[in-house]
Amino acid sequence: MKVIVSGASGQLGQCLKDQVNHFPNYSFQFFDRIGLDITDSEAVEKIIKDEKASFFINCAAYTAVDKAEEEKEIAYQINGQAVNGLGRICKENNVRLIHISTDYVFNGTSSIPYEVNAPKDPQSVYGASKSEGEDALKDTNSIIIRTSWVYSEYGKNFLKTMIRLGGDRDELNVVSDQVGCPTYAGDLAYAILQVMDRADNKELKVLHYCNSGETNWCGFAQTIMEIAELDCKVNPIPTSDYPTPAKRPSYSLLSLNDITRDYGISIPYWKDSVEKCIKKLKASENDN
């Protein structure tokens, strides 16, 4: 079966490329933004028909959380309107769309992990635009997978920033009152492909995926320094000491009950995945 992947140059897209050898029954076509702009509905439809695809994994998104507060129209165009078009085209061509969403669709005031059917209440333009994209798929047979705090050995992300800063500085201040769980994009990619391989129904499905366990950004940073063997002290600070244009959820743990129960997916502990990612980073540095 043919699988189209958009957003191939991003963290998740590159991690999906690394995982495809585990799924030899599928043929994958990866497109970056130059190869396929998801806001161009005609181009999307042409590629889907030309490839005779069975699945479309949408990793393309506007993810600049703070910049979205200024570039509202662009964020909604990519995360909302384009997803609406994707859903319609996939439905018309009998293609199962797997769309990646975010914990930012919730308001962050919960004290227990968010279930997939929890009320949405985004507090930022980014979150609202992603929520609009989800809503656009309500009458399709798509699979929506929400995730959080994504990092990998590719691109720009929190883990790589901490390693860079930890090598240059003696100490850092990182917020400690935002609770969630980091997600290694390599683990997420494998889970997406497992969900695709085991998809056996045709109605809309919403799932959550992040690594298991919980922490805060300061704890995440401290773990990175420890595993990377960097002598940099990480000091906890409140969010009020680090204001940003976009409001961050103070609590964004996602319940993993549905994806583990319905798809039998085993989810690694977040610290183990941080260690795995850092080992890959060091190996790539040694190769260079």
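Helices here are DSSP runs of H or I with at least four residues, and strands are E runs of at least two, numbered from the N terminus.

Before you click: this is a predicted model, in which local features need pLDDT of at least 70, side-chain atom pairs count only at pLDDT 80 or more, and totals for chains, interfaces and linings use all residues. Residues are numbered from 1 along each chain as its sequence is written, and side-chain values use heavy atoms, without hydrogens and water.

**Stop one: helix α9**

Select residues 270-287. Now show Trp 270, Ser 273, Val 274, Cys 277, Ile 278 and Leu 281, which are buried (under 20% relative accessible area with a 1.4 Å probe, protein chains only; exposed is over 50%, partly exposed in between). Look down the axis: the buried residues of α9 fall within an arc of 135 degrees, taken from the directions from the axis to the C-beta atoms, so they line one face of the helix. On the other side of α9, find Lys 279, Asn 286 and Asp 287, which are exposed. The cover over the buried residues of α9 includes α5 (158-168), α6 and α7 (217-227).

**Stop two: Ser 131**

Next, pick Ser 131 in helix α4 (residues 125-135). Is Ser 131 buried or exposed? Ser 131 is buried, at a relative accessible area of 6%. Beyond its neighbours within four places in sequence, Ser 131 is in contact (heavy atoms within 4.5 Å) with Val 105, Lys 120 and Pro 122.
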